[in-house]
Structures are given as C-alpha cells and as structure tokens.
Amino acid sequence: MKKGIRGRLILILLTVVASIVFALPSTPVYSKLPSWWGRFFPSKGVTLGLDLQGGMHLVLEVEAEKAVDNAVERNLLSLKESLEEQKINVQSIRKEGREILLTFPPESKEAVTKIIDTEYPSLTTRQEGAGEKVLIFRESEVKRILDSSTSQALETIRNRVDQFGVSEPLIQKQGANQILVQLPGIKDPQRAIELIGKTALLEFKLVADFNPVVGQFPAQIEAEQEQNFINEYKDKISPDDQILFERNVDKESGRVTKHPYLVKKRAVLAGDLLTDARVSIGQFNDPYVSITFDAAGARLFEKVSEENRNKRLAIVLDDTIYSAPVIREKIGGGRAQISGSFTTEQANDLAIVLRAGALPAPVKIIQNVTVGPSLGSDSIAKSIRAGLAGTILVVLFMVFYYRLSGLLADLTMVLNIILLVGALAALNATLTLPGIAGIILTIGMSVDSNVLIMERIRDELRAGKPVRLAIDAGYDKAFSSIFDSHVTTLITAFVLFMFGTGPVKGFAVSLSLGVIINLFTSLVGTKVVYDFINSRKRLERLSI
Amino acid sequence: MFQVFKKTDIDFIGKRYLFFTLSGLLMLLGVVALVQISRGKANLGIDFAGGAAVQLKFSQPIQIDDARKALEQAGLRDAELQTVIEESRLLIRVKKEDAVERNIRERIQEAFAKGFPGNEFMIESSTEIGPTIGRKLQKDALLAVTISMIGIIIYIAFRFEFRFGIAAAIATFHDVLAVLGIFFVLNREITLLLITALLTLAGYSLSDTVVVFDRIRENLRTRKKEPLEETINRSINEVLSRTFITGITTFLAVAALFFFGGDVIHDFSLALILGVIIGTYSSWFIASPLLLVRRSEARVLKRA
C-alpha cells in the first residue's frame, strides 16, 4: 500500500473514532458503559436546546428608571425626617418628577443648606431663592443607579435561581438593561416566573391607627376595589401617609377581600438588613417565614419596638401588607415572623427571595418561550424518522445513477454525518430542532460535491482518457467549483450565526460544520478509496 | 453510464426574455410581499409582530368552534385557532402587542378550565413576546439578508469578475424574493425560521450558480473565438446534468423533512423545497443570461 494512502486512511479512521468517542454521551448506549469511562473520556455530549429538552427562555427588562424614582422618594422622606429631628422650620417639602422642592422661611436657609451638604451628598441644588430650593440628583449618581440596577438585578436573580434548584441555568446580561434567563427542563414555569419577577421589597411600616380618618375606613373591601378606595381617600390623608391593603382569604369560601390600613410612608426597617429567612410550621400546621436581622437591624428593631408600644407594625412585601401585629413589648434578639395564609411552597419561595434580596428595580418580562418536555421528545423522534427517510432516498438514488461510485459517495455521506455529530458533541454545541434540520440538509448537500467530481470524471472518460487519469483530472477540475460553492454557503451560515437567536444559531452551527466537514471528506475521503483501488490493480473500467 | 441529460443543445440564451419576464413576475410578487410585511398587513409570526402562541394538548378531541367560544367568554376575541397534528391538540395565537402584560397564557388556561371541565389539558409550549423584541428582530433579519447579499457579491466578484458578482447577486436575490412572494400568496406565517430558510436557500442557489459560472469561465479561457452567447449556452448545456442531480439529492433530503419532520419545521422545509427548485431554475435561466446584459461591456470578458 502506498504511504500516502495509508496515511490518509489512518487519518480518516482516527477522526471517525474520535467522533464516536465524543458523541457517545449523547446516545442511549452511554448509560451501559462502565463508570470509569467518564473519567478518561468526554462525558458531556451535545447540549439539547430548549426546544428539544423542554424548558423556559425569559428575557427581562430592568426598569432602571424606576430605581431612580425610588431613590428620589427615599431621599425625600429621609430628608424630611432629618429636618424634623433637628427642628428646622420648613414650610413644605414635596416631590415633583425627579426634583425635590423645599420652601422655608429665609432664616432657616443656612441650616437647611448645611444638612443637605453634609448628609445628602448625592443631592445637588438646581435652583434656589431666599426661601426655596430645588434639589435634584447629581448626574453621576443617576448614571450610577442606572448602570448598577441591571447588574444588581442580575446578581439577585442569579441567587434566587440558584436556590430554586434548576440544573444548568443560564443567566446573563443582554444589551444595556435586559437579562436573559434560560431554565432547561423546568417543571413548573409559572412558579419560576413569580420567583424571578418578584421585586421582593420587604419593609416595616408603622400603622397610623390613631388618625381620625381611619375611623371612616370599612373593615373589608372587595378584591378589585383598591384603586377606587385610594382615589376616594387621596385628599384626606397627609402626604406622609399612604394606604396599603392586607389580603385575606376566607378559608371556607376562598373569597378574597382586602383590609385597608393607613401607614406611614417612610419605612422604619427594610429587608436589606436581613441575614436569614426560614420556613417554620406554626400551631395549626400553617407555614410561616421567620426572619433574622443583622446586628444593625436588630438594634433598630429594638429601638422601634421600644418607642412604639401598643402601635401596630405592618409587615409589607411589595406594597402588600402580609400582617400588622401589635407591638406589645420591646423586641430584642432581632427576630420576627411573617405569616399570612401561605402554602408551604409559597412560604419556601418567599424565604428564597428574602434570602436573595430585593430587586433594585422592577423587572418586566418582554419575552417568554416555554416548551414542555413532551413536545421536545416528539420533535426528536420525528426528526430521526425524517433523517432516516432522507438518507435512504439519497442512498438509493445515488446507487441507481452512479452505481458503485454512487455507493462510495453514500459512504462519504455517512462519514460526514458521523463526523458532524462528533464535532457538535466535541464542542458541546447546543442542538436545536432547526439544527437537526441542518444535519438532514447536510445529507442532501454532502453528496453534491461527489456528484460534481463524478460528473467530471464521466466527462474525462467520455473524452477518452484512461481511468486513473480521468479520476485525477476529475478531482482537480472539480475542486474549484466545490470550494466556491462551499464558501458561499459558509457566508450565509456565518451571517445566520451572527444575527440569529437560539434555534437559528443552532442551525447555523450545524450547517457551517457540515459544510466544512464535507470539504474534508469529499476531497480526501473518496479520493483515497479510488487511489487504493487503483494501486491494487489497474482499473480498466469504472463503475460510475 | 446512465444519464438523464444526454448531449443537449438547449438555447437558454435565445429564450432568455421569456424567462426574464417570468422571473420578473416572481420578483414582483416578492416585492409586494415585502411591502405588505412592512405595513404589517402580512401574516407575521409572533416573533416579529409580538403576541402570544400557546399550544395545548387535551385528553379528548376538541372542536375549534367550541374553543373559540370559550376564549371569547374570557375576553380573548382576536385569537387565531388551529388544530395541530391531530384533533386533541390546539394552537392558539393572539397577536396583540401587549400580550405579555395581559398574561394571556393564564387567561387561556382559565378559559379552558372553565369551558371544558373534565377535559384535562396541558400546555405543551407557550411563547409570549413583547413588541420591542419583535421590532428588533425585524431589523436584524433585514440587516442579515443585506449583509449576506453584500458578502456574496464581494466573494463572487473576487473569484470571478465584478459582472459575475452582480449577476449572481441578482439571481440569488430573485430566488429569495420569489420564495417570499409564494409564501405571502399562500398566506403562510412569516417567522424567523422562514428567514433562516431564505438565507439557506440563498446560499444553496449561489453554490448552484457558481457551478455554472465555473464552467463558463473555463470555456471562456479555452474558446476565445466563439461568440459570447454560444459559450454561455454551451456551458449551461454541459453542466445541465450535474446541476440537475445536485438539485435532486438536496430535494430528496428536504422532501423527507417535509413529509416526516413534523409541524414545527413544516414551513421551513417547504421554503427549502421551493428554494431548491427555484434556485436550480435561476442558475440555468437567469444568472447566466444576465451576464449578457450590456453587450459592449461583455466583450471585456472575452479578452480577460
């Protein structure tokens, strides 16, 4: 055997073996292999796309602008309290858009300015007069909040998903303020959405029970009437207070009602001071979440409880009151309970979001693709059928039209498929349904190169050349066409890869790899067989 | 050797105006499709238009009319309904831009739980897409097609000559427009997968065209005394066999996909089937004759 032939045959054999080894983890055979196999050889094959294995693909948009609004609001309330504490006389302080407007008697101006400069470095004065000031956030601060909102949200969501227990989730930033979340194989997509999308802002607010307006509140209102209620009482309450609702579910009838509370807008304590949140079971087998504060939080909690005995403290999550127990005594130890008609699952999820922390800004779901697992395995089964059908059709046709040479081309096609699957597995590429279609397309296109070569060989034979020369000439002359047509297909596949999302990218990868591998097999693979036959005995006629 | 096309002598060039007319009509169809798409009047899939698509599998077969009534009672009036695969599966599409916010998926679930008690169902797949993503996708798709075309012109012009590049680009563009136009007429959904199919068939049609151009280039080098029309005609006739066969093999593979591949890629494989046919047609009847446009400049080819 000529050296050149042996070298090429060995190369082909090696690539085939390598492909099989790489592809094994993706086949049913893998589970039957001994356990030590995984230690030396690749153990991860092709990754199945969401459309094949089932799962959820979410794109979230972080409403970073709201984070800025929230920050302005927080600063306003805090400034108001500072001014009151230091007994500085101020006529009014209110928010307009993103600005804080203060009016005060001229003699207070110096004190006001001092407080703002020392305690509120992120605020700066846009405009002022003898008895008024307009404050806004510094540009740099606004930018900082906008930029960090998305990264913070990303981290928080990652924490939550980690605790949710999905295998191989994908969470990454997309663009300026979007987050991509992929949860393969998830069984309960609705629960996941709630877990991820919940802002989870935990606040403790004092209830203003002793305000006369409260006497006019009904005990309960119907579930959808909150906004009407708020509109009715809007002008009767001070800007320092707000109306929030507690959700009550009647255990027997399942009827949902809302109990209105008047609370102080400024939270005395917030969830960022929590160190832990756990689920426990109460007296009547109802689950509740017990939370633990850190040292600063515990001290604050103690102070608040001491100063507000016999007042109610509302536990507010995302502007809904979960419960509003009365403070009977000073609470040391920094522990509290959140209860309120939970199922165990709801309590667990609440504990998860409390542990992971609140989102810095609300997130909006702008894309949600969920595929159930049954549809995926259905698609795979159908694709395999289509692939087999296509292969058989092409094989039969080639043998019919080109006889033995056709059979050779068919073997090349099978080689192509093996190498393609191996390459996909080696790269741990994500296989999607269009990706499988791409593989099947490769079946049809891979014989094309061989067709070009064989037609050329036929031309040369018809022109009277002897067999060996006809074969060589055929390969030489066909090379240029084959090369050009493959490159042009690669150009479109490359563009598809750059611009496509998930399933389309999968297709582009399959197609590109298929084309490249085909270049290799059609020019090296079939030639070596012809050369081999030629070296054994002189061919007088070619079955082509 | 069995041959489909024995030595042929078809006058492709002579009849070219006939084919130009036919192709012109096809391209016009495609342009109309593009215009209607940009006006939002075509059957755009939800990945471009925004909206929700939910596929449900019921334990017992369900009538579309009953399903529609149940949805209307839940306030979902503009839904498109379609049975998929068999009668116990239903695909519901709502093309409202604020689909995600109105939580269409849950409302559909509730509507069917109320309307068909006892007929258990499960959600096989659901897709909810807000409008901003759809618009971005439209832009991206257009950009992708444009860049492909430019890449193709550059490569072909580089390997052959500029004139060849333009002819190849026009022929390929014709194929994409023709398939798009046919899909528009058949009122099939225009989705991202269709765009993928269009780009793929552009690549395929181009490889096909390259085979013919390659032979033309070769013949131009060896037969300098022949008039250009004859060279081109002869070249096409010479490669008739191989372009036909490559067309058939790809066609067989894609046909298998079409018949056996299932619903999800049904339209995709249809686009590819049309693409193979039209792509082969354009390599024979459109791309090469285009080389003759502007005769005087065509003489330059001969001298090269």
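Helices (H or I, at least four residues) and strands (E, at least two) are DSSP runs, numbered from the N terminus. This is a predicted model, in which local features need pLDDT of at least 70, side-chain atom pairs count only at pLDDT 80 or more, and totals for chains, interfaces and linings use all residues. Residues are numbered from 1 along each chain as its sequence is written, and chains are lettered from A and ligands numbered from 1 in the order in which they are written.

**Exercise 1. Elements of chain B**

State how many helices and strands chain B has, and give their order from the N terminus.

Solution.
- Step 1: Chain B has 10 helices and four strands.
- Step 2: Read from the N terminus, the order is α-α-β-α-β-β-α-β-α-α-α-α-α-α.

**Exercise 2. Overall form of the chains**

Compare the radius of gyration of chain A with the value from the globule rule, then do so for chain B.

Solution.
- Step 1: The radius of gyration is taken over C-alpha atoms, and the globule rule is 2.2 Å times the number of residues to the power 0.38.
- Step 2: Chain A has 14 helices and 20 strands. For its 544 residues the rule gives 24 Å, but the radius of gyration is 35 Å, well over that value, so chain A is more spread out than a compact globule.
- Step 3: The C-alpha atoms of chain A fill a box of roughly 110 × 60 × 45 Å along the principal axes.
- Step 4: For chain B the radius is 24 Å, whereas a compact globule of 304 residues would have one near 19 Å. The C-alpha trace of chain B spans about 80 × 45 × 30 Å along its principal axes.

**Exercise 3. Burial**

What share of the residues counts as buried in chain A, and what share in chain B?

Solution.
- Step 1: A residue is buried if 20 or more other C-beta atoms lie within 10 Å of its own, exposed if 12 or fewer, and partly exposed in between; C-beta atoms are placed from the backbone.
- Step 2: In chain A, 41% of the 544 residues are buried.
- Step 3: In chain B, 48% of the 304 residues are buried.

**Exercise 4. A four-strand sheet in chain A**

Give the strand order of the sheet that contains β3 and β5 of chain A, and find its edges.

Solution.
- Step 1: Two strands pair if DSSP finds at least two bridges between them.
- Step 2: The sheet is open, has the order β3-β4-β6-β5 (chain A), and its pairing is antiparallel.
- Step 3: β3 (92-96) and β5 (123-128) of chain A each pair on one side only, which makes them the edge strands.
- Step 4: Neighbouring strands of this sheet are turned by 25° against each other on average, direction ignored. Axes are lines fitted to C-alpha atoms, for helices over the stretch in contact, and angles run from 0 to 180 degrees between N-to-C directions.
- Step 5: Inside the sheet, β4 (residues 99-103) and β6 (residues 132-137) of chain A share four bridges. A:Leu102 has A:Lys133 of β6(A) as its bridge partner.
- Step 6: Helix α4 (residues 64-85) of chain A lies across β3, β4, β5 and β6 of chain A, at about 180° to β3(A). Two residues are in contact if their C-beta atoms, placed from the backbone, lie within 7 Å.

**Exercise 5. A hairpin in chain A**

Which residue takes a positive phi in the hairpin of β7(A) and β8(A)?

Solution.
- Step 1: β7 (residues 170-174) and β8 (residues 178-184) of chain A pair in the antiparallel sense over five bridges.
- Step 2: In β8(A), A:Leu180 is the bridge partner of A:Gln172.
- Step 3: Three residues lie between the strands, and A:Gly175 takes a positive phi near 70°.

**Exercise 6. Where the chains meet**

Describe the side of chain A that touches chain B by elements and residue classes.

Solution.
- Step 1: 54 residues of chain A are in contact with 54 residues of chain B.
- Step 2: β19 (363-371), α11 (373-426), α12 (433-462), α13 (467-499) and α14 (502-536) of chain A each supply at least two residues to this side. α12(A) gives the most, with 14 residues.
- Step 3: The side has 32 nonpolar, 16 polar and six charged residues. Ala, Val, Leu, Ile, Met, Phe, Trp, Tyr, Cys and Pro count as nonpolar, Asp, Glu, Lys and Arg as charged, and the others, Gly among them, as polar.
- Step 4: β19(A) pairs with β4 (residues 121-129) of chain B in the antiparallel sense over five bridges. A:Gln367 stands opposite B:Ile129 in β4(B).
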